[in-house]
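Hi,

Here is the structure I promised to pass on. Have a look at it first, and then read on for what turned up in it.

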2 protein chains.
Amino acid sequence: MGRWQPGARERLEQAALDLFLEQGFTQTTVPQITARAGLTTRTFFRHFADKREVLFAGEEQVPEQVARLMAEAPPSLGPMELISEGLAPAAAKIFEGRSLDYLLRRRAAIDAEPALHERELRKFSLMAEALKQGFRDRGIDDLAAQLAAEIAVATFRIAVTRWLNQHGDPDLPATINQTLVAMRHLTNMPST
Amino acid sequence: MGRWQPGARERLEQAALDLFLEQGFTQTTVPQITARAGLTTRTFFRHFADKREVLFAGEEQVPEQVARLMAEAPPSLGPMELISEGLAPAAAKIFEGRSLDYLLRRRAAIDAEPALHERELRKFSLMAEALKQGFRDRGIDDLAAQLAAEIAVATFRIAVTRWLNQHGDPDLPATINQTLVAMRHLTNMPST
DNA sequence: TCAGTCATGACACGTCGTGTCATGACTATC
DNA sequence: GATAGTCATGACACGACGTGTCATGACTGA
């Protein structure tokens, strides 16, 4: 027996997501969340920087994960090759341990609230920052590194959105491939 | 003589940007801003939805402007052609009436505060949404429209960032072209 | 047994953002 | 040139957010 009920953080995440879906993000107060989790308001803010962050915890590690995956990839791979080969494994790593149902519920909550969408965009921005640094560490020049990072993140984001809109079928790697094919097709079109 | 000092909105924007740069966004309270502008706190929130929005007012029109520019472009242009030809005029439209100095000061304030960066990302997201719809209206399929929209916004964002980092030299159209060239070069590299 | 730690509780407080009513200078109409 | 309407602002109250600070009490290690 612990001195307190263990898993406070997880209980808070669960209660928050449930309440956001039941009555909306704005209508949900932090005291409501903590009451459902059997904790106090102050404890909520010890676990999460703000009310929005409760849906994005655990994603702090994404930038490091991205950096590690890039460092481990064969140095011979060019940026577009790395994106083609690395996006699916990266996605698997990021979503590991998360059920499709959880991801769909989380998506619904975020889509219903601009403030949450804003926070999600910031997470993607941090991911792009890590990718940019990773590309630079592979010898890519600054401009190309930033472009490659933005392309990777855009592809990832679009693929995940489509995958969730289709309730997980076809699977994420297949959807990422479809998206990459469309990207190649698009960027090979005449441009001037 | 008006019944009140005219230009309340502009005075608030000016006072807010000054204070954000002087003492930081978080340290600046809305009463401080309104005191400097000679107004009351309540009036601030009549002009701006929240404290962050004071740096982004006027950008509500960007999505419509984008939609109009896209509708006016020759229907024969493919998506990549449209991006190549339309980005510079769109940027000119968006920044018209804003001095380089203002843009640099605004940039400094945003870069210093994650919360402001978050809001900026949302503005870009809305711009991407408008672009996506514009591409669809031109007969592009959903996936390609979304990809093209994200490519356009990423290119725009990166070019503007670089342009401001160089204090406006070379000029924005030239920087946009450089960025587009780098994008073409990157996406034409072998991918698998 | 005793001192240290650490997650939580309890409480105060400043700021944000909104609802609501009042004020008073302009505007249109008769 | 009265009179009613409008509209940006002022004034005030209030709930929610997020933080600083100290207390509590179950564990941990010597």
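**Helices of chain A**

Let's start with helix H8 of chain A, residues 142-165: its 24 residues should span 34 Å at 1.5 Å a residue, and with 35 Å between its end C-alpha atoms the model agrees with that. Do keep in mind that this is a predicted model.

Which residues of H1(A) are buried? They are A:Leu12, A:Glu13, A:Ala15, A:Ala16 and A:Phe20. Their packing partners in chain A are helix H2 (30-37), H3 and helix H6 (100-111). Just after H1(A) comes A:Gly24, with a positive phi of about 90°.

As for the chain as a whole, chain A has nine helices and zero strands. Its C-alpha trace spans about 60 × 30 × 30 Å along the principal axes. Of its 192 residues, 34% count as buried. If you take the contacts in chain A between residues at least 6 apart in sequence, 62% of them join residues at least 24 apart.

**How the two chains go together**

A rotation of 180°, with 0.0 Å of shift along its axis, puts chain B on chain A with an RMSD of 0.0 Å. The two copies are therefore related as by a two-fold rotation axis. Both copies use the same surface, since 100% of the contact residues of chain B recur in chain A.

How many residues of chain B are in contact with chain A? There are 30, and they meet 30 residues of chain A. On the chain B side, helix H5 (79-95), helix H7 (114-137), helix H8 (142-165) and helix H9 (172-187) each supply at least two residues. H8(B) gives the most to that side, with eight residues. By class, the side of chain B that touches chain A divides into 15 nonpolar, nine polar and six charged residues.

The largest nonpolar core has 62 residues, and those with the most contacts inside it are A:Leu131, A:Ala148, A:Ala152, B:Leu131, B:Ala148 and B:Ala152. To look at one of these, B:Leu131 is in contact with B:Val66, B:Ala149, B:Ala152 and B:Val153, leaving aside neighbours within four places in sequence.

**Around the DNA**

DNA strand D is surrounded by 17 residues, the closest being A:Arg3, A:Asp50, A:Lys51, B:Ala8 and B:Thr40. The elements giving two or more residues to this surface are helix H3 (41-47) of chain A and helix H3 (41-47) of chain B. Of these, H3(B) has the largest share, three residues. The residues near DNA strand D divide into seven nonpolar, four polar and six charged.

Now for DNA strand C. It also has 17 residues around it, and here the closest are A:Ala8, A:Thr40, B:Arg3, B:Asp50 and B:Lys51. H3 of chain A and H3 of chain B each supply at least two residues of the surface near DNA strand C. Which helix gives the most to that surface? It is H3(A), with three residues. The classes near DNA strand C come out as seven nonpolar, four polar and six charged residues.

**A few local details**

A:His167 is exposed, because 9 other C-beta atoms lie within 10 Å and a residue counts as exposed at 12 or fewer. A:Pro170 lies in that loop too, and the peptide bond from A:Asp169 to A:Pro170 is cis, with omega near 0°.

In chain B, the loop between H8 and H9 holds B:His167, again not a glycine but with a positive phi of about 55°. B:His167 counts as exposed, with 9 C-beta neighbours inside 10 Å. The peptide bond from B:Asp169 to B:Pro170 is cis, with omega near 5°, and B:Pro170 is found in the loop between H8 and H9 of chain B.

Is B:Ala71 buried or exposed? It counts as exposed, with 11 C-beta neighbours inside 10 Å. B:Ala71 and B:Ala8 are 63 residues apart along the chain, and their C-alpha atoms are separated by 35 Å.

Cheers

Methods:
Residues are numbered from 1 along each chain as its sequence is written. Chains are lettered from A and ligands numbered from 1 in the order in which they are written. This is a predicted model: local features need pLDDT of at least 70, side-chain atom pairs count only at pLDDT 80 or more; totals for chains, interfaces and linings use all residues. Helices (H or I, at least four residues) and strands (E, at least two) are DSSP runs, numbered from the N terminus. The expected span of a helix is 1.5 Å times one less than its number of residues. A residue is near a molecule or strand if its C-beta atom, placed from the backbone, lies within 6 Å of it. Ala, Val, Leu, Ile, Met, Phe, Trp, Tyr, Cys and Pro count as nonpolar, Asp, Glu, Lys and Arg as charged, and the others, Gly among them, as polar. A residue is buried if 20 or more other C-beta atoms lie within 10 Å of its own, exposed if 12 or fewer, and partly exposed in between; C-beta atoms are placed from the backbone. Two residues are in contact if their C-beta atoms, placed from the backbone, lie within 7 Å. A nonpolar core is a set of buried Ala, Val, Leu, Ile, Met, Phe, Trp, Tyr and Cys residues joined through C-beta atoms within 7 Å. Copies are superposed by least squares on the C-alpha atoms of residues with pLDDT of at least 70 in both.
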